[in-house]
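Dear colleague,

I am passing on a structure that you have not worked with before, and my notes on it follow directly below. Please read them with the model open beside you.

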Amino acid sequence: GLNFIDLMVRQGNIDNPPKTPLVPGFECSGIVEALGDSVKGFEIGDRVMAFVNYNAWAEVVCTPVEFVYKIPDDMSFSEAAAFPMNFVTAYMMLFEVANLREGMSVLVHSAGGGVGQAVAQLCSTVPNVTVFGTASSFKHEAIKDSVTHLFDRNADYVQEVKRISTDGVDIVLDCLCGENTGKGLSLLKPLGTYILYGSSNMVTGETKSFFSFAKSWWQVEKVNPIKLYEENKVIAGFSLLNLLFKQNRGGLIKGVMDKLLNLYNNKKIKPVVDSLWALEEVKEAMQRIHDRGNIGKLILDVEKAPTPLVS
């Protein structure tokens with residue numbers, strides 16, 4: 001799986017970027033080739049998907065058994081590689097952090113991306129949830145059925161949302177690195193939750209420099225706790241990789257994966273795969289994400305031959 005975080009790693013826009021040489025990638029799917037001595041529950045030949053703390057973009061991957069899950073029989077390898085990061089992130093933000101319930105409303109940025117599409121699908125599993133999404137206008141035709149109200153990402157979405165829902169929304173999911181925190185908080189209903197879970201503007205160069213990045217974070221820092229108290233609002237952050245690899249919550253994630261696979265088996269959710277790329281095409285694949293060209297998930301396929309360049 002190719003994720004925004006992989007672009008951040010490449011650009012060094014993360015805490016303690018790893019030293020080179022490095023094999024990137026945090027999720028993969030494949031067939032079990034070997035097991036550790038004490039591993040139970042898996043056999044050689046099993047079809048599995050896994051989280052990996054780097055090194056996923058390789059022909060052979062090694063990871064602790066707690067991060068490995070069996071693939072349902074009717075799920076393809078490419079769907080499986082598109083599944084863990086996006087759906088676990090979306091599920092935990094909606095249900096563990098924000099407590100999504102019937103009749104609530106959600107605003108999600110980058111509605112056409114992997115997490116955005118997972119959020120839209122999971123919202124549809126709860127009755128009467130209204131989803132507001134922002135996305136580049138060229139994606140609207142392809143994703144218009146997955147969200148209730150779709151806005152151009154460059155439009156004044158605050159006014160658009162308030163026009164439809166005068167008292168705002170219950171949940172705001174923000175992957176745009178905090179520059180929109182003030183706008184997001186202003187849209188929250190009382191007892192609403194704003195969740196910051198990514199920094200995609202930092203990757204695409206829309207936050208033009210590290211200085212303006214720091215400035216945007218400085219604005220975030222000025223969120224006033226007393227104001228949160230007076231307005232009954234919740235502000236939260238979510239990082240799946242930190243939860244898995246720094247905070248040892250693999251057991252919690254396993255419970256979430258069980259629920260997600262149950263939803264998949266009941267045909268309630270299905271990963272959206274944008275495109276498959278050979279490992280040699282990683283530069284072009286990363287550029288497609290950088291330019292926000294994708295709808296759903298990009299996959300690096302170790303068995304795919306590079307597409308010949310057209311002169």
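What covers the buried residues of α6? Before the reply, two remarks on provenance. This is a predicted model, in which local features need pLDDT of at least 70 and side-chain atom pairs count only at pLDDT 80 or more, while totals for chains, interfaces and linings use all residues. Residues are numbered from 1 along each chain as its sequence is written, and side-chain values use heavy atoms, with hydrogens and water left out.

The cover of those buried residues includes β4 (105–108), β5 (130–135), β6 (149–152), β7 (169–174) and α7 (181–187). Here helices (H or I, at least four residues) and strands (E, at least two) are DSSP runs, numbered from the N terminus, and buried means under 20% relative accessible area, with exposed over 50% and partly exposed in between (1.4 Å probe, protein chains only). In α6, which spans residues 157–164, the buried residues are Y157, V158 and V161. Viewed down the axis of α6, they fall within an arc of 105° (taken from the directions from the helix axis to the C-beta atoms), so they line one face of the helix.

Helix α4 (residues 114–123) has 10 of its 10 residues buried, so it is largely enclosed by the rest of the structure. Its buried residues pack against α3, β4, β5, α5 (140–143), β7 and α12 (250–265), where contact means heavy atoms within 4.5 Å.

Strand β7 also contains D170, which counts as buried because its relative accessibility is 14%. The side chain of D170 reaches the backbone nitrogen of S105 at 2.9 Å, and among the residues that D170 touches, leaving aside those up to four places away in sequence, are M104, L188 and K189.

Turning to the interior, a nonpolar core is a set of buried Ala, Val, Leu, Ile, Met, Phe, Trp, Tyr and Cys residues joined through side-chain atoms within 4.5 Å. The largest one holds 60 residues, of which F51, F83, L173 and L260 touch the most other members. Helix α3 (residues 84–97) gives the most to this core, with 8 residues. Domain 1 (4–83 + 247–300) and domain 2 (87–242) both contribute residues, so the core lies between them; these bounds come from an automatic or database domain assignment. Apart from this core lies another, of 17 residues, among them V52, M286, I289 and L298.

Aromatic rings are the last topic. Rings of Phe, Tyr and Trp (its six-membered ring) pair if their centres lie within 6.5 Å, and planes under 30 degrees apart count as stacked, over 60 as edge-to-face and the rest as tilted. By this rule there are 7 aromatic pairs. The rings of F67 and F245 have centres 5.1 Å apart and planes at 80°, so this pair is edge-to-face. It links distant parts of the chain, with F67 in the loop between β2 (47–51) and β3 (68–70) and F245 in helix α11 (residues 240–245), 178 residues apart; both F67 and F245 are buried. Y91 and F95 form a tilted pair, 4.7 Å centre to centre with 40° between the planes. F83, F87 and Y264 form one aromatic cluster.

With kind regards

Conventions: Polar contact = N/O pair within 3.5 Å; in protein donor to acceptor, adjacent residues only side chain to side chain.
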